[in-house]
Amino acid sequence: MLDFFTIFSKGGLVLWCFQGVSDSCTGPVNALIRSVLLQERGGNNSFTHEALTLKYKLDNQFELVFVVGFQKILTLTYVDKLIDDVHRLFRDKYRTEIQQQSALSLLNGTFDFQNDFLRLLREAEESSKIRAPTTMKKFEDSEKAKKPVRSMIETRGEKPKEKAKNSKKKGAKKEGSDGPLATSKAVPAEKSGLPVGLENGVELSKEELIRRKREEFIQKHGRGMEKSNKSTKSDAPKEKGKKAPRVWELGGCANKEVLDYSTPTTNGSPEAALSEDINLIRGTGPGGQLQDLDCSSSDDEGAAQNSTKPSATKGTLGGMFGMLKGLVGSKSLSREDMESVLDKMRDHLIAKNVAADIAVQLCESVANKLEGKVMGTFSTVTSTVKQALQESLVQILQPQRRVDMLRDIMDAQRRQRPYVVTFCGVNGVGKSTNLAKISFWLLENGFSVLIAACDTFRAGAVEQLRTHTRRLSALHPPEKHGGRTMVQLFEKGYGKDAAGIAMEAIAFARNQGFDVVLVDTAGRMQDNAPLMTALAKLITVNTPDLVLFVGEALVGNEAVDQLVKFNRALADHSMAQTPRLIDGIVLTKFDTIDDKVGAAISMTYITSKPIVFVGTGQTYCDLRSLNAKAVVAALMKA
C-alpha cells in the first residue's frame, strides 16, 4: 500500500501527484528536498522521514524527480520496478510538453496520468505475487555431491595435492637460489638413496660431512663476532666521559621546588608572573578575527607558475588539436561513460583521507546527478564529472545550519545569562588546547570566559587548564578591562561528578556576570558505554547552547565511526524526549596533513553539521574558520 507518488520538476513545480492516504505528502517531500537533494547526498536512493520511507529517481535530461512514499515497516519489493515503469511511461507520453522547458508550459499542461499509474501499480503488485518462492538447494544439486568419496578422505601423513604442489614450488625456488646446500637440506641423503657427500671424487661419510659443515658455520659467524667485539671496545672509552645534559631555555629543570604544584589555589586567585615570553604564547596574527583556512603552499604556487610557462609558448595549432581531442558532442551521459572516471575519482578521494564509504556514496551521488544529462559541445566526460564532484563537495562543506558564536553570545547577553559551550571527543585530539584557543578568541572580542574543568579523570587535566588560565590572564589582565576579571578557572579537583561541576560552574557564571562558559570534558572512546552515559547525562542536565565535537584531521574511516557512535550514544543514553546531539565540529591538527583534507568531508557528510573552528598550530592565534573552496581545491589537487 503506497502512501503517495508524486512527480515534480527540479524548479519546484508539482506536475502530478497520487494520494493513497489522507495525510499530505508535503512534509516528507520537503524534508527529502532539504536534506538530500539540496545537500548533494543522492548516493542512496532511499530516505527515511519519521514513519515513512521515500524512494526517488532523478531524470537529469528533463529535470524531473519521481518520489514514492510508503510506511517503513512494510517491505514492498515492487517499488523499484514501479518507479522505473512510471518514469519511462511519463517521459514518453509527455515528452513534447516537458521539452519546452518553461514554467508556463508546465503549468498550462494537463498531465492526466491517474489511469496509467493505477494500471502500472496493479501490474507491479501482481508481478511480485506471481514470483515463486525460493526453494532450498538440495545436497544432490551441490558441487560437493559430485565429488567422489575417495577424494574427500585424507590418510595420516599424506599431504593434500595443493599443499604438495606449493611445497614443490618452494623447493624449486630454494634450489635456484642457494645451490647444492639447499638441495641437501630439502632432500636428505639417506632418503634419496644418493651418496652422503663427494669431495674430489672420494665419497665422504656422514660424520665427516657434518664436521665440514660445522667448520664452515664457525668461520662464517666468527667474523661477525670479531666485528662486534671491536665495536664494543671502541665504544667503551666514550662511556667513561659522560656528556652533560643540555639545558633548554624553556625546558624547565628537575628541581623539586620548581615542580611542586601542591600549593592551595582557589578559583580566580592571582597567579605568579609569567616567566615565558608572551609573544611566543600568543602567536602572530589578529586574535579577535578568524582568518580563512589557506590550504595552498609555496611549492604549489611555484609548480603552478612553472606549468603556465610552457603552455604560453605552445602554438595555436597544438591548442586547437588538444581542444578537438576532447570533443564529445551533444550527447547524454550514461553510467558506462562515467564508470572509469568515477572509479579514478573514488580512489583519489580515498587517497586524500576521505572515508571509503563516503567516497563511494559521493561518486554514486554524482552519477545519479549526471546520468541522462546532455553534455556541452566542447565538454569531456572527465571535466564534467570533476566539476559536478567539486560542486557537491562545496555544498557538503556548507551544511544547512551555520554556527555564529559571537551573534549567539550577544543574544545570550541580552537575556542576562551565560552562553554555554561543551567540548567532547576521544582521547588525545586536543580538546583542552583548542578550548584555550577559543577562549583567547573570545577574550579578544571582549567577552569574559569561565572555564569549567569537568575532566576529573585524566591526571594533569586541571593543571593544564590552570596553566592556560594563567597565560590568558597575563595576555588580558584585569587592568586593561577596568578591573574586571576576564578569564577564570572553575574546578573542584578529581574524582567528582562532571555533570554536577558543570551545573555549579554555570550558576557561578550567572552570579558573577561571565559571558561564556566553556565546559571541558574527559576524552572517551566511542565504545565505552559508561563514559558515554556520563557525557549524555552532562549534556541533558545542563542543556548547553552548543555541543562541539573535537576531532583530529589525521583520521580516515575512524572519523565516521567516532561521529556515528557519539551521536548514537547521546541519543540512546539521553533522558529527554528529543535528545541533544552534536551541533558542530572542531577540526584539529590541520597543519600536519598537507593536502589530505578528507576528514573534513567525512565528518560533515556524516553529521550534516558545520566545521566551526580549525586548529592549525600550537599558539593561541592558530585558529581558523573553514574555507570550503580552499579545502575542495586541496582535495581535488592531483
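The paragraphs below walk through this predicted model, from the chain as a whole to its sheet, its cores and a few single residues.

Because the model is predicted, local features need pLDDT of at least 70 and side-chain atom pairs count only at pLDDT 80 or more, while totals for chains, interfaces and linings use all residues. Residues are numbered from 1 along each chain as its sequence is written, and side-chain values use heavy atoms, with hydrogens and water left out.

Let us start with the whole chain. Its secondary structure comes to 25 helices and 16 strands; these are DSSP runs numbered from the N terminus, helices being H or I of at least four residues and strands E of at least two. Of the 638 residues, 38% count as buried. Here buried means under 20% relative accessible area, exposed means over 50%, and partly exposed lies in between, with a 1.4 Å probe and protein chains only. Among contacts between residues at least 6 apart in sequence, 74% join residues at least 24 apart, where a contact means heavy atoms within 4.5 Å.

Next comes the sheet. Nine strands make an open sheet with mixed pairing, in the order β8-β16-β15-β14-β13-β9-β12-β10-β11; two strands pair if DSSP finds at least two bridges between them. At the edges sit β8 (291-292) and β11 (487-490), each pairing on one side only.

Between β13 and β14 in the chain comes helix α23 (residues 557-572), and the three make a right-handed β-α-β unit. Right-handed means that, with the strands pointing away from the viewer, the path from the first strand over the helix to the second runs clockwise. Elsewhere in the sheet, β10 (residues 449-454) and β12 pair in the parallel sense over six bridges, and Val449 has Val516 as its bridge partner in β12.

Now for the packing. In soluble globular proteins, nonpolar side chains tend to be buried together. A nonpolar core is a set of buried Ala, Val, Leu, Ile, Met, Phe, Trp, Tyr and Cys residues joined through side-chain atoms within 4.5 Å. The largest one has 112 residues, of which Leu362, Val385, Met405, Leu442 and Phe613 touch the most other members. Helix α17 (residues 381-397) gives the most to this core, with eight residues. Domain 2 (333-397) and domain 3 (405-628) both contribute, so the core lies between them; the domain bounds come from an automatic or database domain assignment. Leaving out residues up to four places away in sequence, Leu442 touches Met405, Leu406, Ile409, Phe447, Val449, Val516 and Leu518. Apart from this core lies another, of 26 residues, including Phe70, Tyr78, Val79 and Ala124.

Some loop residues also deserve a visit. Gln526, in the loop between β12 (516-521) and α22 (529-542), is buried, with a relative accessible area of 5%. Beyond its neighbours within four places in sequence, Gln526 is in contact with Val426, Met532, Glu558, Asp561, Gln562, Lys565 and Phe566.

Most residues other than glycine have a negative phi. Glu50 has a positive phi of about 55° although it is not a glycine. Glu50 lies in the turn of a hairpin that β3 and β4 form with two residues between them, and is exposed, with a relative accessible area of 65%. The two strands, β3 (residues 46-49) and β4 (residues 52-59), pair in the antiparallel sense over four bridges, and His49 has Leu52 as its bridge partner. Lys589 also has a positive phi, near 55°; Lys589 is found in the loop between β14 and α24 (598-607) and is partly exposed, at 29% relative accessible area.

Finally, an unreviewed UniProt entry places the feature "domain: SRP54-type proteins GTP-binding" at residues 610-623. UniProt positions are given in the numbering used here, feature names are shortened, and annotations may be inferred rather than shown by experiment. Over residues 610-623 the chain is 0% helix and 43% strand, with its end C-alpha atoms 16 Å apart.
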